[in-house]
Amino acid sequence: MKAYIPEFLRSGDTVAIVSPSGIVEKEPIMQSLNVFETWGLKVLIGKNVFNRDGIFAGSDLERADDINEMIENPEVKAIFCSRGGYGAARMVNFINFDKLKENPKWIIGFSDVTVIHSALRKIGLCSVHGVMPNSFSKTHEDSLSSLHKILSGQPL
């Protein structure tokens with residue numbers, strides 16, 4: 001199977017934040033923008049990131065639509081999942097993985113996002129099991145630095 005490795009991030013690139021799982025509060029996501037700024041990155045926030053549908057950040061289709069919109073956006077080089085929780089397994093089958101293979105992008109997250117990593121592995125696309133914007137403010141600076149280095153192709 002061919003391995004699809006996304007391009008490494010460079011200063012000036014655009015990344016996206018989406019919410020494939022549980023509800024996320026606005027404050028920690030907005031605080032995470034400071035980290036992305038120090039990395040020299042621009043950020044797009046999915047239109048459904050702060051939605052509420054029961055325990056989820058929007059309906060299954062709304063959450064998948066945000067991911068698919070970022071997959072199709074040629075400016076977006078990486079897609080950060082805002083948080084884990086529960087819900088990604090309900091919408092993973094709505095993600096356009098074929099389009100992602102055509103234009104590989106980094107997908108970053110952990111916890112519930114592991115189901116998306118599993119689907120990416122099946123198609124040979126590299127992804128990062130890493131810290132998410134919802135918890136950037138509680139994450140040690142060394143961990144954030146390591147994530148940045150991995151995504152930008154720098155030695156650790």
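## Basis of the model

This is a predicted model, in which local features need pLDDT of at least 70 and side-chain atom pairs count only at pLDDT 80 or more, while totals for chains, interfaces and linings use all residues. Residues are numbered from 1 along each chain as its sequence is written, and side-chain values use heavy atoms, with hydrogens and water left out.

## Overall fold

The protein chain has six helices and five strands, where helices (H or I, at least four residues) and strands (E, at least two) are DSSP runs numbered from the N terminus. Read from the N terminus, the order of these elements is β-α-β-α-β-α-α-β-α-β-α. The radius of gyration, taken over C-alpha atoms, is 14 Å, close to the 15 Å that the globule rule (2.2 Å times the number of residues to the power 0.38) gives for 156 residues, so the chain is as compact as a globular protein of that length.

Along the principal axes, the C-alpha atoms fill a box of roughly 40 × 40 × 25 Å. Of the 156 residues, 49% count as buried, a term that means under 20% relative accessible area, with exposed meaning over 50% and partly exposed lying in between (1.4 Å probe, protein chains only). Among contacts (heavy atoms within 4.5 Å) between residues at least 6 apart in sequence, 73% join residues at least 24 apart.

## Nonpolar cores

A nonpolar core is a set of buried Ala, Val, Leu, Ile, Met, Phe, Trp, Tyr and Cys residues joined through side-chain atoms within 4.5 Å. The largest one has 24 residues, and those with the most contacts inside it are Ile 95, Phe 97, Ile 116 and Leu 120. Among the elements that give two or more residues to this core are strand 1 (14-18), helix 2 (60-72) and helix 5 (114-122), and helix 2 gives the most, with four residues. Apart from this core lies another, of 20 residues, which include Val 15, Ile 17, Ala 78 and Val 131.

Not counting residues up to four places away in sequence, Phe 97 touches Val 92, Ala 119, Leu 120 and Ile 123.

In helix 5, the residues Ile 116, His 117, Ala 119 and Leu 120 are buried. Seen down the helix axis, these buried residues fall within an arc of 160° (taken from the directions from the axis to the C-beta atoms), so they line one face of the helix. On the other side of helix 5, Arg 121 and Lys 122 are exposed, and just after this helix Gly 124 takes a positive phi of about 85°.

Helix 6 (residues 141-152) has 12 residues and reaches 16 Å from its first C-alpha to its last, close to the 16 Å expected at 1.5 Å times one less than its number of residues. Its buried residues are Leu 144, Leu 147, His 148, Leu 151 and Ser 152. They fall within an arc of 120° seen down the axis of helix 6, so they line one face of the helix. These buried residues pack against helix 1 (26-38), strand 3 (76-81), strand 4 (106-109) and strand 5 (128-129).
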